[in-house]
Amino acid sequence: HRDLLGHPLSDDELQQWAHRYTDTVEKAVVSCPVVTGAETVLQAQSMQADLFVISGTPEDEMRRIVTARGWNHYFTSVHGSPRLKADIVTDLLQRHKLAAADCLFVGDTFTDHDAAIATGVPFVGRLNGVRANPFPPNTILIDDLNGLAAVLAKSEEGAGHDRE
């Protein structure tokens with residue numbers, strides 16, 4: 001701001017711009033199209049298992065987004081930064097007395113993959129079509145959440161137990 005516009009920002013002005021940016025991004029996320037198959041999977045899986053949001057988005061913002069989407073009833077809890085994803089997963093496994101092998105972490109970033117691996121939770125990577133595949137070879141991949149329904153069905157056939 002100082003370099004481009006020749007006007008230094010006060011702390012109050014910086015906070016105003018930061019708040020404006022957060023509001024703009026949050027509104028864009030809330031209004032963007034839903035990933036294909038997401039609501040179908042959320043409806044079906046929330047009846048069978050505890051579902052959690054674990055995000056790098058600031059936690060308060062993530063909770064507002066979930067609420068604005070009308071998805072609160074699908075999730076047992078919603079978590080975000082500043083906590084690390086692996087710490088959140090570890091806490092949830094302990095608090096809800098879940099076995100890592102009986103859970104599934106679905107994510108679209110390498111930090112999601114790392115958190116799953118660090119905690120022993122099986123992982124499915126969702127490709128978003130915008131950037132290159134960030135996941136290592138042999139990662140189970142899906143393009144949308146319709147693909148997750150097929151992975152879950154196959155998993156339940158082979159394992160004979162529910163996934164969290």
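This is a predicted model: local features need pLDDT of at least 70, side-chain atom pairs count only at pLDDT 80 or more; totals for chains, interfaces and linings use all residues.
Local features required pLDDT of at least 70, side-chain atom pairs counted only at pLDDT 80 or more, and totals for chains, interfaces and linings used all residues. Residues are numbered from 1 along each chain as its sequence is written, and side-chain values use heavy atoms, with hydrogens and water left out.

The largest pocket has a volume of about 1,400 Å³. It is lined by 45 residues, of which Phe52, Val53, Ile54, Phe75 and Val106 are the closest to its centre. A pocket here is an open set of points on a 1 Å grid over the protein atoms alone, with protein on both sides within 12 Å along at least five of seven lines; lining residues have an atom within 4 Å of a point. Points are joined across faces, edges and corners, and a volume is the space filled by probe spheres set on them. By class, the lining comprises 30 nonpolar, six polar and nine charged residues. Ala, Val, Leu, Ile, Met, Phe, Trp, Tyr, Cys and Pro count as nonpolar, Asp, Glu, Lys and Arg as charged, and the others, Gly among them, as polar. Strand β1 gives the largest share of this lining, six residues. Elements that each supply at least two lining residues include α2 (11-31), β1 (52-58), β3 (105-107) and α7 (145-159). Helices (H or I, at least four residues) and strands (E, at least two) are DSSP runs, numbered from the N terminus.

One cavity of 30 Å³ or more was found. A cavity is a set of grid points where a 1.4 Å probe fits but cannot get out. The largest cavity has a volume of about 40 Å³. Its lining consists of Asp108, Arg126, Leu127, Asn128, Gly129, Arg131, Ala132, Asn133 and Pro134. These divide into three nonpolar, three polar and three charged residues.

Histidine 79 lies in strand β2 (residues 77-81). It counts as buried because its relative accessibility is 5%; buried means under 20% relative accessible area, exposed over 50%, and partly exposed in between (1.4 Å probe, protein chains only). Its side chain makes a polar contact with the side chain of serine 77 at 2.6 Å. Such a contact is a pair of N or O atoms within 3.5 Å; within protein, one must be able to donate a hydrogen and the other to accept it, and residues adjacent in sequence count only if both atoms are side-chain atoms. Beyond four places in sequence, histidine 79 touches Val53, Ile54, Ser55, Glu59, Met62, Ile88 and Leu92 (heavy atoms within 4.5 Å).

Zero disulfides were found in the whole structure (cysteine sulfur pairs within 2.5 Å). Cysteine 103 is buried at 7% relative accessible area. Cysteine 32 is partly exposed, at 33%.
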